[in-house]
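Me: I am new to this structure and would like a close look at a single part. Please keep it brisk.

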Amino acid sequence: MIRVLVALFLCIASFAPAFAVNPDEVLADPALEARARAISAKLRCMVCQNQSIDDSNAELAKDLRLLVRERLENGDSDEAVIAYVVSRYGEFVLLKPRFEAKTLVLWGMPVVLLVLGTVTLVVAARRRGRRPAGAPLSKDEKEELDKLLGS
């Protein structure tokens, strides 16, 4: 029974996110390290693109993690560190882009698509409702059908 529980624990633990921060990158000051981790979780790995630099094993992500820690050790605020990284790599480096005029399309597109889809469905449903389903044939249509069927 203990073996089964240990195996179950190991399976569950394997699903936990693996952090790519190496021991040699960790700062001695726990408060600075916590700030570095929080900032790293907000920055996108430019190689992996779907991971934060905190989760990525790519060399560029390691360089960015070291850069973040270096800037924090030099006394920069969290906002200053993020602004510096964005100035070097652009808005794409942020996992959650800022809400600004230039990102308005990015933020507004899901709403626009949802509204357009809803309008399209409503218009299609109304058009379908206007057509009489199974309307009786006129006398001329019945004669034409009989002629075609050979009856």
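Which residue lies over the face of tyrosine 84, and at what distance from the ring centre?

Reply: Arginine 71 does, at 3.8 Å from the ring centre (over a ring: NZ of Lys or CZ of Arg within 6 Å of the centre and within 35 degrees of the ring normal). This is a predicted model, where local features need pLDDT of at least 70, side-chain atom pairs need 80 or more, and totals for chains, interfaces and linings use all residues. Numbering runs from 1 along each chain as its sequence is written, and side-chain values use heavy atoms, without hydrogens or water.

Now for helix α4, residues 78-89 (helices are DSSP runs of H or I, at least four residues, numbered from the N terminus). Its twelve residues should span 16 Å at 1.5 Å a residue, and the end C-alpha atoms, 17 Å apart, agree with that (the expected span is 1.5 Å times one less than the number of residues). Val81, Ile82, Val85 and Val86 are the buried residues of α4 (buried is under 20% relative accessible area, exposed over 50%, with a 1.4 Å probe and protein chains only). They lie on the same side of α4, because their arc is only 130 degrees around the axis (taken from the axis to the C-beta atoms). Glu79 and Ser87 are exposed on the other side.

What covers the buried residues? Among the elements that do are α2 (30-42) and α3 (59-73) (contact is heavy atoms within 4.5 Å). After α4 comes glycine 90, with a positive phi near 90 degrees.

Definitions and conventions: Helix = DSSP H or I, 4+ residues; strand = E, 2+ residues; numbered from the N terminus.
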